[in-house]
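Hi everyone, thanks for making time. I'd like to walk you through one structure today, so let's get it up on the screen.

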Amino acid sequence: MEIVCLDLEGVLVPEIWIAFAEATGIPELKRTTRDEPDYDKLMKYRLNILKEHGLGLKEIQETIAKIDPIPGAKEFLDKLRAQTQVIILSDTFSQFAGPLMKKLGYPTIFCNSLVVGENGEITDFKMRCEKSKYTTVKALQSIGYDTIASGDSHNDLGMIQASKAGFLFKSTDAIKAEYPKIPAYETYDELYDAIMNAIRA
């Protein structure tokens, strides 16, 4: 019994924070887990910048409403979900994910949540569990699933390396060079074929 675990941002949709950085003209918000592997540190850095600029959830959601999936992502996901179970494992937040899930045909997503004040200020964030992606694939394995995982960034490496098969997708040259044993793909057709071959293996 296989279950496929996919990252969201950078794999199926563009990076939310990069889109928001471009919309607001605040380049510091372009930092992602590709640049800062420590997610806790990265989120605290982001929340400080939002506070400095007086930006809250509403402004981020307005940007997210304009984000479309990466071309070919929904078709890839539909094709994959017709063959096997798929869960999106993301370090994003439920308050961000809704409009994107609608555009992707409402796949299952496990993510985190934001703490938002009455004035819309994002005051904190709650992670579902520690090392959420790795912890989730280990939990799925403990109930009888073989996991197949793919992502683009540092925070995906735990689930990729702990799975029956794991792939980098649309990753950076630096990450690919650092982890040369992990197969890396750039197109959805390549990733689909790799996942299906892993299922058949």
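Before I point at anything, a word on the labels: helices (H or I, at least four residues) and strands (E, at least two) are DSSP runs, numbered from the N terminus. Residues are numbered from 1 along each chain as its sequence is written. And please keep in mind that this is a predicted model: local features need pLDDT of at least 70, side-chain atom pairs count only at pLDDT 80 or more, totals for chains, interfaces and linings use all residues, and side-chain values use heavy atoms, with hydrogens and water left out.

Okay, let's start in strand β3, residues 108-116, where you'll find Asn 112. Is Asn 112 buried or exposed? I'm calling a residue buried under 20% relative accessible area, exposed over 50%, and partly exposed in between, using a 1.4 Å probe and protein chains only. Asn 112 has 3% relative accessibility, so it counts as buried. Its side chain has a polar atom 2.7 Å from the backbone nitrogen of Arg 128. If we take contact to mean heavy atoms within 4.5 Å, then Asn 112 touches several residues beyond four places away in sequence, including Ser 90, Asp 91, Phe 93 and Met 127.

That brings us to Asp 91, over in strand β2, residues 85-93. Now, a salt bridge here is a side-chain nitrogen of Lys or Arg within 4 Å of a carboxyl oxygen of Asp or Glu. For charges, Lys and Arg count as positive and Asp and Glu as negative, while His and the chain ends are not counted. Asp 91 is buried yet has no salt bridge, and the nearest side chain of opposite charge, Lys 133, is 4.7 Å away. What the side chain of Asp 91 does have is a polar contact with the side chain of Asn 155, at 2.8 Å. By polar contact I mean a pair of N or O atoms within 3.5 Å; within protein, one must be able to donate a hydrogen and the other to accept it, and residues adjacent in sequence count only if both atoms are side-chain atoms. Tyr 39, Met 127 and Ser 132 are among the other residues that Asp 91 touches.

So which residue does Lys 133 pair with in a salt bridge? It's Asp 7, at 2.9 Å, N to O. Asp 7 sits in the loop between β1 (2-6) and α1 (16-24), and Lys 133 in helix α6 (residues 132-142), so this pair ties together parts that are 126 residues apart in sequence. Both Asp 7 and Lys 133 are buried. Across the structure, the count comes to 14 salt bridges.

Let's look at Lys 176, which has a salt bridge to Asp 173, with the closest N and O atoms 3.8 Å apart. Those two are both in helix α8 (residues 173-178), three residues apart, about one turn of the helix. Asp 173 is exposed at 63% relative accessible area, and Lys 176 is partly exposed at 24%. Lys 176 also forms a salt bridge with Glu 186, and there the closest N and O atoms are 2.9 Å apart. Glu 186 lies in the loop between β7 (184-185) and α9, so that pair ties together parts 10 residues apart in sequence. Going back to Lys 133 for a second, salt bridges that share partners join Asp 7, Lys 133 and Asp 156 into one network.

On to the nonpolar cores. A core here is a set of buried Ala, Val, Leu, Ile, Met, Phe, Trp, Tyr and Cys residues joined through side-chain atoms within 4.5 Å. The largest one has 53 residues, and Leu 12, Leu 50, Phe 76 and Ile 195 are among those with the most contacts inside it. Helix α9, residues 188-200, gives the largest share of this core, eight residues. Apart from it lies another core, of 13 residues, including Cys 5 and Met 159.

Last topic: cysteines. How many disulfides does the structure hold? Zero, with a disulfide taken as a pair of cysteine sulfur atoms within 2.5 Å. Take Cys 111: its closest cysteine sulfur, in Cys 129, is 12 Å away, too far for a bond. Cys 111 is buried at 13% relative accessibility, whereas Cys 129 is partly exposed at 24%.
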